[in-house]
Amino acid sequence: MISSAAAKAIIKEQCEALPPVVLPIKQAMGTVLAEDIYAPVDIPCYPQSSMDGYAFSYAGWKPGEPLDLYGEMAAGSNQTIELIPGKAVRIFTGAAVPPGADTVVIQEKIRLEGDELHIEDPELTAGDNVRPIGSEISKNALALEKGTLLTAPGIGFLAGIGLAEVKVYPKPRVAIIVTGNELQEPGKPLEYGQVYESNSASLTAALEALLIRDIQLFRVADNLNSLSATLATALEQSDLVLLTGGISVGDYDFTLKATLECGIETIFHKIKQKPGKPILFGKQGQKPVFGLPGNPASVMTCFYEYVLVAIGEMQHRNLTLRKRNAILANTVKKPAGPTHYLKGYADGEKVMSLEGQESYKLNSFARANCLIMLPEECTQAGPGDEVEIHILPF
Ligand SMILES: Nc1nc2c(c(=O)[nH]1)N[C@H]1C(S)=C(S)[C@@H](COP(=O)(O)OP(=O)(O)OC[C@H]3O[C@@H](n4cnc5c(N)ncnc54)[C@H](O)[C@@H]3O)O[C@H]1N2
Ligand code: MOO
C-alpha cells in the first residue's frame, strides 16, 4: 500500500491539462489562460477625463485669470472640438479630453460668472484628472500571461480591452457513478436496509464550487455487467470519472472488476490512510478514473485530498488544499501506520478535532473547515501540540 504523500505525487504526475479551447469570455471564469494575451488597442484609446469638471490647456491659463467656457463633452460624445488656449470645455467623467486641453479642474473647485470660469484650486497641476492614452495598457503590450487564472476582475479586464473570447484550459466534464443496491433517493421513504444516497449530492456540490457544470450522474445497482456498461458510457462522455462504492473486498463490490473490463489501467489501489483506504486511481488512456470508497466521509476526504489534485492538473492550476500549522485543542489518538485525516475546526491558531470521525458520518464534516493531517508515525497528539491542517475550500 502506498503512502498518502506518494499517492498525491503520482496523481500529479499522471494527470495532464486538457487541450485548450476557445471560449466566450463570459464562460471563462475560473479557467486558466492557454496563451499570452496582448492588448489589441490602447486603453484608454483617447485622453480621458477622470472627473466631472472643465478641461483646458494648463500652459494657456494664467492662474487667477478666468477662462472662457466653450461647449461640452459628455462621455460617449464623438464630437471633435479643438480647444484654443484660454478656453475651457465642460466635460464629464469618461469623456474624451479634446485636443488642445490637457487638464481637468473638478466642478467643486470653480466659480462661474456668466461664461467665465474661475478656477479656485491652488493645488491643480498640469495633467490633473486626465487619464493619458494607453495609461492602463498600450496597444500590443502583454495584458495577461499564459497560465493566469481568470477571476471576475480578470474577465472584466479582458472585456475592457475588447476581447470577446479567449483560449483557455477548459474545466473537465465529470461523470459521477454511484453504486449500491441499498441506495434510496432523498425525498422518498426509506425501506428496511436502505440508506439515503448522499455521495452524488456532496460530489456535485464540491464540483459546482469549482464552477464545473458539465456533470453527469449515473446510478447503478451492484451488478458487474450494468456497472461495466455504465462506466464505458461515462468514459466516452466525460474527461474524469468518479465512482463511489463497491471498491472494497465484499462479494458485491464490482468497481475494480468493472474498471479492468473497461480497459482502465490501475495506477494504485489502496492508500495507507484513514478514512478512504480502499481508494482506486486508474486511467483509460489519459482519462483519470477514481474509485472512491462508498462511505460518505471517505468520499469527501478523498475528493479534497486527491481528486482536487487531478482536477487541478487537468485545468492547469493548483487546487491542492492550502496547508498550515495549528495548535491542537484536544487529544487525538491513532495507531502508527496510516495517515489520518480528521475533520477539524480551526479558529485562528487553534484547531479542534470534531466529534464523530467515523467514515459513515458526515455530521462532523458538515461543521468542519479543515482536515487535520496526522502523519503515519503519529500515535497521539494533545492540547498544545502543533499539527498540520489542510484548509477546506469553503
Ligand atoms: N473486510 C473488509 N471490509 C471492508 C474493508 C476492508 O478493508 N476489509 N474496508 C472498509 C472500508 S475502510 C471502507 S471505506 C469501505 C469501502 O467500501 P466500498 O467502497 O466497497 O463501499 P460500499 O460497501 O459500497 O459502501 C460503504 C458504505 O457507504 C455507504 N454508501 C455507499 N454509497 C453511498 C452513497 N452514494 N450515498 C450514501 N452512502 C453510501 C454504503 O451504504 C455503506 O454503508 O469498505 C469497508 N469494508
Ligand atoms: O477507510 Mo474507510 O474510508 O473508513 O471507512
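The points below move from the domains to the sheets, the cores and a few single residues.

1. Basis of the note. This is a predicted model, in which local features need pLDDT of at least 70 and side-chain atom pairs count only at pLDDT 80 or more, while totals for chains, interfaces and linings use all residues. Residues are numbered from 1 along each chain as its sequence is written, chains are lettered from A and ligands numbered from 1 in the order in which they are written, and side-chain values use heavy atoms, with hydrogens and water left out.

2. Domains. The protein chain is assigned domain 1 (4-19 + 171-314), domain 2 (21-42 + 143-169), domain 3 (48-131) and domain 4 (322-391); such bounds come from an automatic or database domain assignment. Between the C-alpha centres of domain 3 and domain 4 there are 64 Å.

3. A database record. An unreviewed UniProt entry lists residues 175-313 as "domain: MoaB/Mog". UniProt positions are given here in the numbering of this model, feature names are shortened, and annotations may be inferred rather than shown by experiment. In the model, the span 175-313 is 36% helix and 27% strand, and its end C-alpha atoms lie 17 Å apart. Helices (H or I, at least four residues) and strands (E, at least two) are DSSP runs, numbered from the N terminus.

4. The six-stranded sheet. An open sheet of 6 strands has the order E17-E14-E18-E22-E21-E19, with mixed pairing; two strands pair if DSSP finds at least two bridges between them. Strand E17 (215-220) and strand E19 (265-269) are at the edges and have a single partner strand each, so one side of each lacks a neighbour in the sheet. From one strand to the next, the twist averages 20°. Strand E19 pairs with strand E21 (residues 280-284) in the antiparallel sense over 4 bridges, and phenylalanine 268 stands opposite phenylalanine 281 in E21.

5. Helix H3 lies across E14, E17, E18 and E22 and runs at about 165° to E14. Helix H6 also packs on the sheet, where it touches E18 and E22, and its direction makes about 175° with that of E22. Contact means heavy atoms within 4.5 Å. Axes are lines fitted to C-alpha atoms, for helices over the stretch in contact, and angles run from 0 to 180 degrees between N-to-C directions.

6. The largest core. A nonpolar core is a set of buried Ala, Val, Leu, Ile, Met, Phe, Trp, Tyr and Cys residues joined through side-chain atoms within 4.5 Å. Buried means under 20% relative accessible area, exposed over 50%, and partly exposed in between (1.4 Å probe, protein chains only). The largest nonpolar core has 42 residues, and Ile11, Leu242, Phe290, Phe303, Tyr304, Tyr306 and Ile311 have the most contacts inside it. Helix H6 gives the most to this core, with 13 residues. Why does the core lie between two domains? Domain 1 and domain 4 both give residues to this core, so it lies between them.

7. Two residues of helix H1. Apart from residues up to four places away in sequence, isoleucine 11 touches Phe268, Phe281, Phe290, Tyr306, Val309 and Ala310. Lysine 8 lies in helix H1. Is lysine 8 buried or exposed? Lysine 8 counts as buried, because its relative accessibility is 15%. Another open sheet has 3 strands in the order E1-E13-E2, and its pairing is antiparallel. Its edge strands, E1 (21-24) and E2 (32-33), each pair on one side only. Between strand E2 and strand E13 (residues 165-169) there are 2 bridges, and valine 32 stands opposite tyrosine 169 in E13. A second, separate core of 18 residues includes Leu23, Leu33, Ala143 and Leu150.

8. A hairpin. Strand E9 (residues 110-113) and strand E10 (residues 116-119) pair in the antiparallel sense over 4 bridges. The hairpin of E9 and E10 has 2 residues between the strands, and glycine 114 takes a positive phi near 60° there. Glutamate 116 in E10 is the bridge partner of glutamate 113, and glutamate 116 is also the bridge partner of aspartate 68.

9. Cysteine 45. The loop between strand E3 (37-38) and strand E4 (48-49) holds cysteine 45. Cysteine 45 counts as exposed, because its relative accessibility is 51%. Arginine 131 is 86 residues from cysteine 45 along the chain, and their C-alpha atoms are separated by 9.8 Å.
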